[in-house]
Amino acid sequence: MDPKELHSVLPHNALQEMKLAFEHQDFVAAAENIKRSLVSLDDIPLNVAVTGESGSGKSTFINVLRGLGDEEEGAAKTGVVETTVVATPYFHPRHRNVVYWDLPGIETASFKPSEYLELVKFHQFDFFFIIGSERFRNCHIELAQAINAMGKKFYFVRTKIDADLNASRRLNPRNYNEEQILTQIRENCIKGLFAGGILCPRVFLLSSFELEKYDFCLMQTTLERELPSHKRHVFLLSLPNIYTQALKMKSEAFKNQIWKHALASAAKAALPIPGLLPGSDIDYLVKVMKEYKGAFGMDQTSLAHLAQTFDKDISELRSVVRSQLTLQEITWELVESLLKRRELTAAALMVTQYAAGTVPMLGSVAAGGVAFGTAFWLLYSFLTDVAEDAGRVLSKVLENTCQY
Ligand code: GDP
Ligand code: MG
């Protein structure tokens, strides 16, 4: 590793935060506190309401957000007539604290938005997706106004764009202009909401069958920007890996946490247990590395699912993966052997020395400092490899589709 890289690997703000964590407490106490803060970060709930007319594609949208096909176990039932009058929760498969709520349809003649919102207990949601397909309707405006009036945010998602484009192509093959149709649909929705008094409506066009196209990426980046900071991390981790941009955002979110995980795993080393060699907490590192693999969809189940979704052979996807570790099962023995590698030790020392420049405690508790540097570099290089491989796999599955 080039020592100049250290500035980007361990940026100034991370070092400052680390320095603060060590103020007025010893190494073990600081590490334990950091560990606790990480656990609570993972526990932050994110409740997303998905509402709109029956048949607009709410349940399908929920399934794609959870990375599930319609037929898969635990998927929301699609194409069924809705009979429930209560919101049904669907948990994210990897992040149980992220819950998508499938709300009852809003199309009945007697629809009263504020009563409806009370009925579904609107206050529990962080934000709403209003799903619309085909025509933009009055009920969308009324619902948007009521959500606004209750102090909540909403995003208008216009689904089934694939069907609109197909219909236009069939009707008017000679003058078919995709960009123009998309602009028309978008403007129609924005104008409708604007006329209803919504000043800066957020409208996204998408197809749940071709998520990689249209505005899905824009929707993710907008949400990331607009969510309160404490919710952003959990939201980022729950994103489907369908965009290069999503991979980047996820990778950044994870990178910001590496020093915390490294410190948490080094607490054990700073407090050697008699009879045991001081070192990083391997069980802890296994857990974090598994989390990285899962989040980037590089585990067997996710890869198989991705291959199926894009009609590819899984071996084709595996063939573009460069790092041996990406596809290997993360076990205690594997991590133990990685920690002993000479290249890792050299890089780890550099990290420790560099960090100790700002956080002297890392230098003074030798065993803890070395364990910190080792865990940091292990996680950093593993995360970089997995994220890059996920990017290669994504390019492979998307090689014949054009992204917007
Ligand atoms: P809900 O009643 O709002 O939950 O709607 P569903 O999710 O059950 O979807 C209703 C129908 O629309 C189903 O047959 C879905 O397969 C279909 N559908 C949903 N999203 C899309 C989409 O983006 N494009 C197309 N072409 N069909 C969709
Ligand atoms: Mg439904």
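Reply: A residue is near a molecule if one of its heavy atoms lies within 4 Å of it. This is a predicted model, in which local features need pLDDT of at least 70, side-chain atom pairs count only at pLDDT 80 or more, and totals for chains, interfaces and linings use all residues. Residues are numbered from 1 along each chain as its sequence is written, chains are lettered from A and ligands numbered from 1 in written order, and side-chain values use heavy atoms, without hydrogens and water.

Me: How many residues surround ligand 1, and which are the closest?

Reply: There are 17, the closest being Gly55, Ser59, Thr60, Gly79 and Asp162.

Me: Which backbone atoms lie at what distance from an oxygen atom of ligand 1?

Reply: A polar contact is a pair of N or O atoms within 3.5 Å. Here a polar backbone atom of Gly55 is 2.6 Å from a ligand 1 oxygen, and a backbone N or O atom of Ser208 is 2.8 Å from one. Of the 580 Å² of accessible area (Shrake-Rupley method, 1.4 Å probe) that ligand 1 has on its own, the protein covers 83%.

Me: How many disulfides does the structure hold?

Reply: A disulfide is a covalent bond between the sulfur atoms of two cysteines. The criterion is a pair of cysteine sulfur atoms within 2.5 Å. The structure holds zero. For Cys189, the closest cysteine sulfur, in Cys139, is 12 Å away, so it is too far for a bond.

Me: Is Cys189 buried or exposed?

Reply: Buried means under 20% relative accessible area, exposed over 50%, and partly exposed in between (1.4 Å probe, protein chains only). Cys189 is buried at 2%, and Cys217 is buried at 16%.

Terms used. Polar contact = N/O pair within 3.5 Å; in protein donor to acceptor, adjacent residues only side chain to side chain.
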